[in-house]
Amino acid sequence: MQFKHVTLDFDGPVAVLKLDHQEVMNAVSMDMLGGLAEALDTIDEKKAEVRCVVLTGAGRAFCTGANLQGRNQQKPGKSNAGAALETGFHPFLRRLRNLHCPLVTSVNGPAAGAGMSFALMGDMILCARSAYFLQAFRRIGLVPDCGSTWLLPRLIGRARSVELSLMGERLPAEKALEWGLVNRVHDDTALGDETMKLAHELANGPTIALSLIRKLYWESPDNSFEDQLNLEFVSQRIAGSAEDFKEGVTAFLEKRPAKFKGK
């Protein structure tokens, strides 16, 4: 399925959402954000069938941040550089945050600026060996946005986060793996296959439980220990009432692989 600068394909229970504006290395425009919103609407309509979402880029880049074409025509002091955040970027990020199923980001090339934030939204983050991350904002006189100042300190600590943002230097995929920023690094030619292999493994899992797991970890950084205990209690009751819990226990007792249905 084709939307504005976005493609959406379905491989069984896996939805593959691809940023596709290769002429600008998948830089994000308002048109692309509109296309992403429509694609997510389609995924929502197929919620009962879609049990994992993959986000990746077309061509040689994952996403190089916001599309800056025409921005140099704006007069100093007259630009509202943050206007697109609340109208386009933030709604997209919130929808990724609240997905009903696991999100795998497959970083096939440079992930810069907002593109780095998009990549870091993944529950599992896979990278091509040639990929790199870049907090590009300081290079054009802006501050980090799209949630990067929330995500980065929680993933790699304050010192490394501030350094990436102040210095604007590339972070290669291998170093990102060493720092714990991403989950896995694969050879460029293997990334696509490894991504889909992982996505299908997640899609064949207990979708309700996996959705609750991602929610628990999203909520955890801002919760007290007591708050988190309470959230675990509520989540466990929901997971325990699902059909997949009964199947999981039965399969365990029968010493066979579970056949989860996502219900």
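Predicted model: local features only at pLDDT ≥ 70, side-chain atom pairs only at ≥ 80, totals over all residues.
F92 comes from helix α2 and F118 from helix α3, so the contact ties together parts 26 residues apart in sequence. F92 and F118 are both buried.

Bring in F89 next. The structure has 3 aromatic pairs, and one of them is F89 with F118, a tilted pair at 6.3 Å centre to centre and 40° between the planes. F89 sits in helix α2 (residues 83–97) and F118 in helix α3 (residues 114–120), so here the linked parts are 29 residues apart in sequence. F89 counts as buried too, at 6% relative accessibility. Show F89, F92 and F118 together and you have one aromatic cluster.

Next stop: strand β5, residues 103–107. All 5 of its 5 residues are buried, so the strand is largely enclosed by the rest of the structure. Colour L103, T105 and V107 for one side, then V104 and S106 for the other; both faces are covered.

What flanks it? Strand β4 (residues 52–57) runs parallel to β5, joined by 4 bridges, and L55 stands opposite T105. β7 (residues 124–128) also pairs with β5 in the parallel sense, over 4 bridges; look for L126 as the bridge partner of S106.

Finish with two charges over rings. K46 lies over the face of F10, 5.3 Å from the ring centre, while the charged end of R170 sits over the ring of Y132, 4.1 Å from its centre.

How values were computed:
Residues numbered from 1 in each chain as written. Heavy atoms only, no water. Buried < 20%, exposed > 50% of the residue type's maximum accessible area, 1.4 Å probe, protein only. Helix = DSSP H or I, 4+ residues; strand = E, 2+ residues; numbered from the N terminus. Pairing = 2+ DSSP bridges. Phe/Tyr/Trp six-rings, centres within 6.5 Å; stacked < 30°, edge-to-face > 60°. Lys NZ or Arg CZ within 6 Å of the ring centre and 35° of its normal.
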